[in-house]
Amino acid sequence: VQLQASGGGLVQPGESLRLSCAASGNIFTINYMGWYRQAPGKQRELVATVTNSDTTNYADSVKGRFTISRDNAKNTVYLQMNSLKPEDTAVYYCHMLVDSRAYWGQGTLVTVSS
């Protein structure tokens, strides 16, 4: 199983970005999908998660600005990021529990700067 993330880039404060992460390979069930991020000099932290029953969870720092969603037919998770702030600058990683095994994507860089 491989996870391929995309959608990062350079944006100005207040703008939006949408990240995508698609899983490919021999997949039966994806129980859990999530996004984490790691800023320079900091530990990786949870951003948002969604279960296969569409229960979502968000870090307090992104509540009301970010929205996680999933497309089960495409084995893909999305992260819609609105009202971006400089402190959202980080490498964003997707994370999935596929058939009870955990996988990470390669990371996509989001830079928020004026």
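Reply: Happy to. First a term: a residue is buried when its relative accessible area is under 20%, exposed when over 50%, and partly exposed in between, with a 1.4 Å probe and protein chains only. This is a predicted model, in which local features need pLDDT of at least 70 and side-chain atom pairs count only at pLDDT 80 or more, while totals for chains, interfaces and linings use all residues. Residues are numbered from 1 along each chain as its sequence is written, and side-chain values use heavy atoms, with hydrogens and water left out.

Now to the rings. Rings of Phe, Tyr and Trp (for Trp, the six-membered ring) pair if their centres lie within 6.5 Å; planes under 30 degrees apart are stacked, over 60 edge-to-face, and the rest tilted. That rule gives 2 aromatic pairs. In one of them, Y36 and W104 have ring centres 5.1 Å apart and planes at 70 degrees, so this pair is edge-to-face. The pair links distant parts of the chain, since Y36 sits in strand 4 (residues 30-38) and W104 in strand 10 (residues 101-104), 68 residues apart. Strands here are DSSP runs of E with at least two residues, and helices are runs of H or I with at least four, both numbered from the N terminus.

Y36 has 16% relative accessibility and therefore counts as buried. W104, at 39%, is partly exposed. W104 also forms an edge-to-face pair with Y93, 6.5 Å centre to centre and with 85 degrees between the planes. Here Y93 belongs to strand 9 (residues 90-98), and 11 residues separate it from W104 in strand 10. Because its relative accessibility is 15%, Y93 counts as buried. Put together, Y36, Y93 and W104 make one aromatic cluster.

Of its 114 residues, 41% are buried. Along its principal axes the C-alpha trace spans about 45 × 25 × 25 Å.
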